[in-house]
Amino acid sequence: MQYPEPIAKLIDSFSKLPGIGAKTASRLAFFVLDMPEADVLQFASALVDAKRELGIVRCVATLRSLIRVRFARMKGVTGRVFL
């Protein structure tokens, strides 16, 4: 099915997530379109903040550990961090 460009881009973005196929991406896109604008803006802001604030630490396997490493960096801990 042919969708308007903004919806198609949203579907494409969701389909890049692991485990999200075209059908689920479409459902998510239309769910987001039905959300109140304030909720969409909050969701978008949470995505951007997580990307900017956390990043990826290759040697850390879990988000919990990642948050500990980030917290340690924010608190000014230097040197090696053991989890």
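This is a predicted model: local features need pLDDT of at least 70, side-chain atom pairs count only at pLDDT 80 or more; totals for chains, interfaces and linings use all residues.
Leaving aside neighbours within four places in sequence, which residues is Ser-26 in contact with?

Residues are numbered from 1 along each chain as its sequence is written, and side-chain values use heavy atoms, with hydrogens and water left out.

**View 1. The whole protein has 4 helices and 0 strands.** Along the sequence the pattern reads α-α-α-α. Helices (H or I, at least four residues) and strands (E, at least two) are DSSP runs, numbered from the N terminus. Of the 83 residues, 16% count as buried; buried means under 20% relative accessible area, exposed over 50%, and partly exposed in between, with a 1.4 Å probe and protein chains only. Contact means heavy atoms within 4.5 Å. Among contacts between residues at least 6 apart in sequence, 6% join residues at least 24 apart.

**View 2. Helix H1 has the buried residues Ile-7, Ile-11 and Phe-14.** Seen down the axis of H1, these residues fall within an arc of 65 degrees, so they line one face of the helix. The arc is that of the directions from the helix axis to the C-beta atoms. The buried residues of H1 pack against H2. On the face turned away from the buried side, H1 carries the exposed residues Glu-5, Pro-6 and Lys-9.

**View 3. Helix H2 covers residues 22–34.** Its 13 residues, at 1.5 Å a residue, should span 18 Å, and the end C-alpha atoms are 18 Å apart, which agrees. The expected span is 1.5 Å times one less than the number of residues. Ala-25, Ser-26, Ala-29 and Val-32 are the buried residues of H2. Seen down the axis of H2, they fall within an arc of 130 degrees, so they line one face of the helix. What covers them includes helix H1 (5–15) and helix H3 (37–53). The face of H2 turned away from this buried side carries the exposed residues Lys-23, Arg-27, Phe-31 and Asp-34.

Ser-26, in helix H2, is buried, with a relative accessible area of 15%. Leaving aside its neighbours within four places in sequence, Ser-26 is in contact with Tyr-3 and Ile-11.

**View 4. Thr-24 lies in helix H2.** Thr-24 is partly exposed, because its relative accessible area is 32%. Thr-24 and Phe-14 are 10 residues apart in sequence, and their C-alpha atoms are 8.3 Å apart in space.

**View 5. The largest pocket has a volume of about 230 Å³.** Rolling a probe the size of a water molecule over the atoms shows where empty space is left. On a 1 Å grid over the protein atoms alone, a pocket is an open set of points where a 1.4 Å probe fits, with protein on both sides within 12 Å along at least five of seven lines; lining residues have an atom within 4 Å of a point. The lining consists of Leu-10, Ser-13, Phe-14, Leu-17, Val-32, Val-40, Phe-43, Ala-44 and Leu-47. H1 and H3 are the elements that give two or more residues to this lining. H3 gives the most, with 4 residues.

Key: Grid points are joined across faces, edges and corners, and a volume is the space filled by probe spheres set on the points.
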